[in-house]
Amino acid sequence: MKFSETIAKMKGEHTLLLCHDQADSDAIGAAYALARYIGGDVGVPQAVATHTHRLIEELELPVVIAPDTTSYLHVVVVDAASPVQLRESMPERFWFVDHHPQNDLQQLALGGLYDPVSSTCQLVYRLLKELDAPLDRKTGLALAAGIMTDTINFHKGDAEAFRTFGEILDTCGLTHEEIQSLYMADERRDRGAICQAAIQAERHEMDGYHVMVTEIGSNIPTFAARALFDLGADVSVVGYARGEEVEIRMYIRQELSIKHKLDAAAVFRTVDGMDQGIVWGYSLFAGYRAKGDLKILLQNIVKAFEKRLRS
Ligand SMILES: [Mn+2]
């Protein structure tokens, strides 16, 4: 049976659309669109990512924190690649939709849709199209937002991602600017913090590549890392510390990642001192969260790149 038919059967039944922890827009967008069609709840294990708050507000979406997965007839996990990302909310029986290059959930799932494309949202769009489901404005906004996030604002992406984004704009009467405005740090204070982080950034040149490292005073390291990346960094690393809590985000340019066989998440896992926290991400982006000393961790990240790019 096609997974779209499975989805169709869930319609009207008590269903949970479960995102990975620190759900990003691709997860929330996919979950929202499916929830809208099926009529279910959207949940996350602990929290959603800061950059997704605006989208959630726009969608007026109630997100269930730490949902009781056993109380649902069906659980569909979206945009998650491994059980670790589901924490205590790891369901016993679940379906899944995902696009990550590696996925350790699929062998545990009842079934689902797996295709290592650019975003989960484009897979959900495929499903809804197969079902001839109507695409309202909010569903379009949700899916387009997810595609924008996972293509890193169209810095990368397969043909389907671009095509789907265009189709959504067309069908739902949306504009690129409307989707983009969900991600602009529209608070003047946040933009100031990003500018300040950029000014203070250290730039290391290694094998002709620009490795930029900085700290930011607001808890928006992902935005800042993306801003440095857009500025021209081949590797952008931004850390944020509040007391002992440390957040670090990193983007790596694809060309560099291929040339030096670098996987952002794998790099983080091997940096000195970073075994203490949680690492997530994939080849071109990684996130890190833990208690620790930010300055030392950032120095160790630089050292890790020195070792890899200069050898
Ligand atoms: Mn994704």
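1. In this predicted model, strand 1 and strand 4 run parallel and are joined by 5 bridges. Within that pairing, C19 has V78 of strand 4 as its bridge partner. Strand 1, which spans residues 15-19, also pairs in the parallel sense with strand 2, residues 41-44, over 3 bridges, and there L17 stands opposite V42 of strand 2.

2. These pairings belong to an open sheet of 6 strands, whose order is 3-2-1-4-5-6 and whose pairing is parallel. Strand 3 (63-65) and strand 6 (111-114) stand at the edges and have a single partner strand each, so one side of each is left without a neighbour in the sheet. From one strand to the next, the twist averages 25°.

3. Two helices that pack on the sheet deserve a look next. Helix 1, residues 3-10, touches strand 1, strand 4 (74-78), strand 5 (95-98) and strand 6, and its direction makes about 125° with that of strand 6. Helix 2, residues 25-38, touches strand 1, strand 2, strand 4 and strand 5, with a direction that makes about 170° with that of strand 1.

4. Is strand 1 buried or exposed? Of its 5 residues, 5 are buried, so strand 1 is largely enclosed by the rest of the structure. In a regular strand the side chains alternate between the two faces of the sheet. Strand 1 is covered on both faces, with T15, L17 and C19 buried on one side and L16 and L18 buried on the other.

5. The largest nonpolar core holds 54 residues, and those that touch the most other members are A31, L34, V76, V77, V78 and V124. Helix 2 gives the most to this core, contributing 10 residues. A second, separate core has 42 residues, including A225, A241, M250 and L298.

6. At the level of the whole chain, the domain assignment gives domain 1 as 3-180 and domain 2 as 189-310, and the C-alpha centres of the two lie 27 Å apart. Their contact takes 7 residues from domain 1 and 9 residues from domain 2. On the domain 1 side of that contact, 2 residues are nonpolar, 4 are polar and 1 is charged.

Technical notes:
Residues are numbered from 1 along each chain as its sequence is written. This is a predicted model: local features need pLDDT of at least 70, side-chain atom pairs count only at pLDDT 80 or more; totals for chains, interfaces and linings use all residues. Two strands pair if DSSP finds at least two bridges between them. Helices (H or I, at least four residues) and strands (E, at least two) are DSSP runs, numbered from the N terminus. Axes are lines fitted to C-alpha atoms, for helices over the stretch in contact, and angles run from 0 to 180 degrees between N-to-C directions. Domain bounds come from an automatic or database domain assignment. Ala, Val, Leu, Ile, Met, Phe, Trp, Tyr, Cys and Pro count as nonpolar, Asp, Glu, Lys and Arg as charged, and the others, Gly among them, as polar. A nonpolar core is a set of buried Ala, Val, Leu, Ile, Met, Phe, Trp, Tyr and Cys residues joined through C-beta atoms within 7 Å. A residue is buried if 20 or more other C-beta atoms lie within 10 Å of its own, exposed if 12 or fewer, and partly exposed in between; C-beta atoms are placed from the backbone.
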